[in-house]
Amino acid sequence: MTDNAQTLEQIWESLKAGPRPTLTQLFDASPDRVEALTRRLDWPTGGVGEAAESTGMRLDFSKTHLDDATLQLFEQLEQVCGFSEAREALFSGGVVNVTEGRAANHGAMRGSGTDAETEEAFALLARMGMLVEAIHDGVLGKVKHLIHIGIGGSALGPALAVDALTRDLAKVDVHVVSNIDGLALEQAFAACDPATTLIAVASKTFTTIETMTNAASALAWLEKEGVSDPSGRVVALTASPEKAVEWGVDETRILPFPESVGGRYSLWSSIGFPVALAIGMEEFREFLTGAQAIDTHFLQSDGRANAPLLAAFAEQYYARIRGCQTRAVFAYDERLALLPDYLQQLEMESNGKSVTASSEPVDYPTAPISWGGVGTDAQHAVFQLLHQGTHLVPVDFIASVAPGDDLDPAHHKILLTNCFAQGAALMKGGNMSADGKDPARAFAGDRPSTTFLLDDLDPATLGALIAFHEHRTFANAVLMGINPFDQFGVELGKKMAKDIDAGEGDFDASTKALMQAAGLN
Ligand code: F6P
């Protein structure tokens, strides 16, 4: 065993052997616990490089079991794992995606990269801005709708951001279609007037079967509905512009992005086109500003002062010391209804691995299963398990101080009081029966949560929130020694689907019977 591996093992042994005070004991022992474990992050609201007002969020980690002794051990772990070197490599265009031999340059898309990468990114952003503004100015005729076709990282980010930021009014009505199930596309067709609809084909590779099949059907729909030049209504968002040209998209409507930007990290690139079209270029730049502020914080702070790293410390603690197999996020904000789906791809596709970056098998848990929903709906559905089930689930609560609605302030007050009450109840526990003894009405308590309290949910704040989770995911990967930037786990199923389609391959009896029952062979 190398010295490093030995030290790592010792740190984990110390973490495992450490005392396990309850949350209530931790609060009792430390009057300044809330202050010590709360981080405030701020960012300007006026676009990249412009002086502007600021807004921010408060992250309260005090209801987790982290304490000074645990944090000291995690800070040692951070050193031994080479966190600052890995972070430096990430932002300086180093080959952090070792299995595919490339950098992960999503930071550069929002101004946090090397000069050359940032310059290229801003040139691509300017190109996208010109197209967005030309469309708003009517250069492509009247455009009222956009059907954005993509899947995975080419759909989840746009869907989240459009949904979160256009509740009031969108400049263009965006429909994101990812599922190959034709029902999804038919639903978008039903909501759009073909004469005023553009199609965005979003695919890093421009080969993904679901996306390319949906794109062909969208073109056929335009043609059938009498649109004279269907291809002239297509915009391609891709890292493979030559494939988009081959497919028939005019170069003037291809918005490229660098190959070194991973699919699930691509919202900042031209994959964000539908967002920019819906909210406007100025607001899209604000979205980037919020993300960039988190990059700066992540780059410039260490140990427990670094909020995404602190979140990763908590996650590692629960996965490895307390055996938690899942983590949950509940957004107490209707505009963030799609955030849990977005985080599932970000975290599970990045860190759901069984080998280290140097291809050694791991003997510890990697990414927990990420799940969640919207509060207060989830309270009336799945919170039973959080409060009384046998699984310990660390929970993130996310809420905004400023309401998203214009109704009676009672709505927002009930939303926030419920959010805070849930975190308090999970921690406190108790017994709800008259005599305080009924086991069915008992709450064990001591269940952890973290609360993200946003000042407001504007474009910059959404950018900050997403970038925070990207860095949290990266920090987790560094602490686990894995490469978060490849996703070979999706390939076997894709190949076998192709084999089934081609009538090739040696399938098991169950799969053969299913194929036969569905008339597939
Ligand atoms: O199959 C997984 C995946 O490669 C994701 O990583 C990616 O976001 C998605 O498919 C879509 O890929 P593309 O943008 O190349 O169509």
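Which elements are included in what covers the buried residues of α7? They include the strands β3 (145-149) and β4 (173-177), together with the helices α11 (273-279), α14 and α17. The model you are looking at is a predicted one, so keep that in mind as you explore.

**Helix α7**

- Helix α7 spans residues 156-165 and is mostly covered, with 7 of its 10 residues buried.
- To find the buried residues of α7 in the structure, look for G157, P158, L160, A161, V162, A164 and L165.

**Helix α5**

- In helix α5, which runs over residues 83-91, the buried residues are F83, A86, R87, L90 and F91.
- These residues sit on the same side of α5, because they cover an arc of only 130° around the axis.
- Among the elements that cover the buried residues of α5 are α4 (68-80), α12 (281-300), α13 (307-321) and α17 (459-480).
- Just after α5 comes G93, whose phi is positive at about 75°.

**Around the ligand**

- There are 14 residues around the ligand, and the ones that come nearest are S154, S203, K204, T205 and T208.
- T208 has a polar side-chain atom 2.5 Å from an oxygen atom of the ligand.
- G153 uses its backbone: an N or O atom there lies 2.8 Å from an oxygen atom of the ligand.
- For Q345, a polar side-chain atom is found 3.3 Å from an oxygen atom of the ligand.
- How much of the ligand does the protein bury? Taken alone, the ligand exposes 400 Å², and the protein buries 88% of that.

- T366 is placed in the loop between α14 (339-351) and β9 (369-374).
- Is T366 buried or exposed? T366 counts as buried because its relative accessible area is 13%, and the cut-off for buried is under 20%.
- A polar atom of the T366 side chain lies 2.7 Å from the backbone oxygen of K353.
- A polar atom of the T366 side chain also lies 3.3 Å from the backbone oxygen of N351.
- Leaving aside residues up to four places away in sequence, T366 touches N351, G352, K353, M480 and I482.

- E259 belongs to the loop between β7 (254-256) and α11.
- With a relative accessibility of 40%, E259 counts as partly exposed.
- Residues E259 and A104 are 155 residues apart along the chain, and their C-alpha atoms are separated by 8.9 Å.
- Not counting residues up to four places away in sequence, E259 touches R102, K204 and A239.

**Backbone details in the loops**

- F206 is not a glycine, yet its phi is positive, at about 60°.
- You can find F206 in the loop between β5 (197-202) and α9 (209-224).
- F206 is also buried, with a relative accessible area of 4%.
- S359 is not a glycine either, and its phi is positive at about 65°.
- The position of S359 is in the loop between α14 and β9, and T366 is placed in the loop between these elements too.
- Where is the cis peptide bond that has an omega of about 5°? This cis bond joins G375 and T376.
- T376 lies in the loop between β9 and α15 (383-388).

**Cysteines**

- A disulfide is a covalent bond between the sulfur atoms of two cysteines.
- How many disulfides does the count give? The count comes to 0 disulfides, with sulfur atoms within 2.5 Å as the cut-off for a pair.
- C419 is in no disulfide, and the nearest cysteine sulfur, which belongs to C324, is 20 Å away.
- C419 counts as buried, at 2% relative accessibility.
- C192 is buried as well, with a relative accessible area of 7%.

Methods: Residues are numbered from 1 along each chain as its sequence is written. This is a predicted model: local features need pLDDT of at least 70, side-chain atom pairs count only at pLDDT 80 or more; totals for chains, interfaces and linings use all residues. Side-chain values use heavy atoms; hydrogens and water are left out. Buried means under 20% relative accessible area, exposed over 50%, partly exposed in between (1.4 Å probe, protein chains only). Helices (H or I, at least four residues) and strands (E, at least two) are DSSP runs, numbered from the N terminus. The arc is that of the directions from the helix axis to the C-beta atoms. Contact means heavy atoms within 4.5 Å. A residue is near a molecule or strand if one of its heavy atoms lies within 4 Å of it. A polar contact is a pair of N or O atoms within 3.5 Å; within protein, one must be able to donate a hydrogen and the other to accept it, and residues adjacent in sequence count only if both atoms are side-chain atoms. Accessible areas come from the Shrake-Rupley method with a 1.4 Å probe; for residues, only the protein chains shown count as cover.
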